[in-house]
Amino acid sequence: MAMKLALFVSIMVAALAVPISGAQRMGHLIEIHGTVYCPGNSNTNASGTNKGIFPVAEIHVVCDGKAIEYAYTDAGGGFLFTIDYQRYTIPKILKTCKLVVIAALTRCPKPSPSAGHLESNLKYMGDFTVGGDLKISSIVPVGFHVVPNAFAIKA
């Protein structure tokens, strides 16, 4: 009887442990991450060779003209978006999405354009696994470039 009780308790503990600790870790996430740099005389490239970062700038993931996520860059110009792969697949993101920085370029050091916004297409960098059960796909900007202010995001 003690053996059956021990087996039952072990099964119950294991059954409860999965929803509590592992449910959110299982699956597949897509991370879009990088750094936004201020534009100089020319377009800003992905490696950020131009001067200055773009801190506390609003940035959107825009797919088919509609913003699906938004965040703000940190003090170092960095950003991170996490997207559930069930909603958007990697091929769909690469084909239909881009990053759009919604902030006044005048906040950057001169010489910067006074009008427009920054945009970047995206590229896939690869996958890595965390804890054996969470697959994370890494996507980064190709390089931000200045676009005239003719852009409107759909609601």
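Tyr70 is exposed, with 53% relative accessibility; here exposed means over 50% relative accessible area, buried under 20%, and partly exposed in between (1.4 Å probe, protein chains only). This is a predicted model, so local features need pLDDT of at least 70, side-chain atom pairs count only at pLDDT 80 or more, and totals for chains, interfaces and linings use all residues. Residues are numbered from 1 along each chain as its sequence is written, and side-chain values use heavy atoms, with hydrogens and water left out.

**Aromatic rings and the surface patch**

- Rings of Phe, Tyr and Trp (its six-membered ring) pair if their centres lie within 6.5 Å; planes under 30 degrees apart count as stacked, over 60 as edge-to-face and the rest as tilted.
- The count by this rule is 3 aromatic pairs.
- One of them joins Tyr70 and Tyr72, an edge-to-face pair because the ring planes stand at 80°, with the centres 6.4 Å apart.
- Tyr72 sits in strand β3, residues 66–72; helices (H or I, at least four residues) and strands (E, at least two) are DSSP runs, numbered from the N terminus.
- Tyr72 is partly exposed, at 48% relative accessibility.
- Together with Val56, Tyr70 and Tyr72 make a nonpolar surface patch of about 360 Å².
- Patches are made of residues with over 30% relative accessible area and no salt bridge, where like charges are joined within 9 Å and nonpolar side chains (Val, Leu, Ile, Met, Phe, Trp, Tyr) within 5 Å.
- The accessible areas come from the Shrake-Rupley method with a 1.4 Å probe, and for residues only the protein chains shown count as cover.
- Ring pairs also link Phe79, Phe81 and Phe144 into a cluster, and both Phe79 and Phe81 are buried.

**Salt bridges**

- A salt bridge is a side-chain nitrogen of Lys or Arg within 4 Å of a carboxyl oxygen of Asp or Glu, and the count by this rule is 3.
- Arg87 pairs with Glu69, their closest N and O atoms being 3.6 Å apart.
- This pair links distant parts of the chain, 18 residues apart: Arg87 is in the loop between β4 (78–84) and α2 (90–96), and Glu69 is in strand β3.
- Arg87 is partly exposed at 48% relative accessibility, and Glu69 is partly exposed at 27%.
- Glu119 forms a salt bridge with Lys98, with 3.3 Å between the closest N and O atoms.
- Glu119 is in strand β6 (residues 117–120) and Lys98 in strand β5 (residues 97–102), so this bridge ties together parts 21 residues apart in sequence.
- Glu119 is buried, with a relative accessible area of 8%, whereas Lys98 is partly exposed at 23%.
- Lys135 and Asp127 also meet in a salt bridge, 3.5 Å from N to O.

- Ser138 lies in strand β8, residues 134–141, and is buried at 11% relative accessibility.
- The side chain of Ser138 makes a polar contact of 2.7 Å with the side chain of His33.
- A polar contact is a pair of N or O atoms within 3.5 Å; within protein, one must be able to donate a hydrogen and the other to accept it, and residues adjacent in sequence count only if both atoms are side-chain atoms.
- Leu94, in helix α2, is partly exposed with a relative accessible area of 33%.
- Neighbours within four places in sequence aside, Leu94 is in contact (heavy atoms within 4.5 Å) with Leu122, Lys123, Tyr124 and Ile139.
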